[in-house]
Amino acid sequence: MTAHTRTVSQDSGPDLSCCEDTLEQHRSFNPLIEAILLRVVRLPDEKDPWLADLTKRLSQLAELLGAHFADEELSCLFTDIPLQCPHHAEKLERLKGEHPMLIERLKTVLDGGEALDMAVVAGRVQRTIAQVRRHEAEETEIILESFWDEGGSSE
Ligand SMILES: [Fe+2]
Ligand SMILES: [Fe+2]
């Protein structure tokens, strides 16, 4: 877990430097996410190795995201930004609430996959990965907006 410092300047808005760790983590998931997507947009002939490979990669992603969510919940994204930029607070509350749901989806998306058509399994995986990408993109957008948000108050 990364140690985060919470430094808030009174006259120039929040110091969001610790959010850089969160941004870096978001970027770091891209290769694995792209590898998973590649496997569900172009389906091979044989199901067994395909399913085993997807199982391994989705499990890796669930593990990485589990650690990431725990880390970012202590980062300025979920500590300083809701206080300094209250117009983001409601959205951040929703995003935080999505963490357990996303992990659960990643862990269960392949359940029963052995008995299903590959296209059905692939569709499920695509929808789950789309949720993960949308979640992380929303957080990244909030962080980047907050960097330019003077003190976070529009009033
Ligand atoms: Fe998150
Ligand atoms: Fe995140």
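Student: What pattern does the protein chain follow along the sequence?

Tutor: In this predicted model, the protein chain reads β-β-α-α-α-α-α-α. That amounts to six helices and two strands.

Student: How do you know how far to trust the model, and what is its mean pLDDT?

Tutor: The mean pLDDT of the protein chain is 89. Of its residues, 85% reach 70 or more. Residues 1-11 stay under 50. The model still has 18 contacts beyond four places in sequence for residues 1-11. Where pLDDT is low, predicted coordinates should not be read in detail.

Student: What share of the contacts joins residues 24 or more positions apart?

Tutor: Among contacts in the protein chain with a separation of 6 or more, 76% come from residues 24 or more positions apart.

Student: Why is glutamate 114 called exposed?

Tutor: Count its C-beta neighbours. Glutamate 114 has 10 inside 10 Å. The cut-off for exposed is 12 or fewer. Therefore glutamate 114 counts as exposed. It is found in the loop between helix H5 (89-108) and H6. Its C-alpha is 10.0 Å from that of alanine 52, 62 residues apart in sequence.

Student: What makes valine 132 buried?

Tutor: Valine 132 has 20 other C-beta atoms within 10 Å. Buried takes 20 or more, so valine 132 is buried. It lies in helix H6. Valine 132 and leucine 106 are 26 residues apart in sequence, yet their C-alpha atoms are 9.1 Å apart.

Student: Why is alanine 89 called partly exposed?

Tutor: Alanine 89, in helix H5, has 15 other C-beta atoms within 10 Å. Exposed needs 12 or fewer and buried needs 20 or more. The count lies in between, so alanine 89 is partly exposed. Its C-alpha is 9.8 Å from that of threonine 79, 10 residues apart along the chain.

Student: And why is alanine 35 partly exposed?

Tutor: Alanine 35 is found in helix H2. Its count is 14 other C-beta atoms within 10 Å. Arginine 57 is 22 residues apart from alanine 35 along the chain, with 8.3 Å between the C-alpha atoms.

Student: How much of the whole chain counts as buried?

Tutor: Of the 155 residues of the protein chain, 23%.

Student: How do you know that the span of helix H3 agrees with its 27 residues?

Tutor: Helix H3 covers residues 47-73. The expected span is 1.5 Å times one less than the number of residues. For H3 that should be 39 Å. The end C-alpha atoms are 38 Å apart, which agrees.

Student: Which residues of H3 are buried, and what do they pack against?

Tutor: The buried residues are Leu54, Leu58, Leu61, Leu65, His68 and Glu72. They pack against H1, helix H2 (30-41), H5 and H6. In an α-helix there are 3.6 residues a turn, so residues three or four places apart point the same way.

Student: What describes the packing of helix H1 and helix H6?

Tutor: Two packed helices are described by the angle and the distance between their axes. Here the axes of H1 (residues 19-28) and H6 (residues 118-147) come within 10 Å. They cross at roughly 150°. The crossing of H1 past H6 is left-handed. H1 supplies Cys19, Thr22, Leu23 and His26 to the contact, and H6 supplies Glu136, Thr140 and Ile143.

Student: How do the residues of that contact divide?

Tutor: Into three nonpolar, three polar and one charged.

Terms used:
Residues numbered from 1 in each chain as written. Chains lettered and ligands numbered in written order. Predicted model: local features only at pLDDT ≥ 70, side-chain atom pairs only at ≥ 80, totals over all residues. Helix = DSSP H or I, 4+ residues; strand = E, 2+ residues; numbered from the N terminus. Contact = placed C-beta atoms within 7 Å. pLDDT = per-residue confidence, 0-100. Axes fitted to C-alpha atoms, helices over the stretch in contact; angles between N-to-C directions. Left-handed = near helix turned anticlockwise from the far one by under 90°. Nonpolar A, V, L, I, M, F, W, Y, C, P; charged D, E, K, R; others polar.
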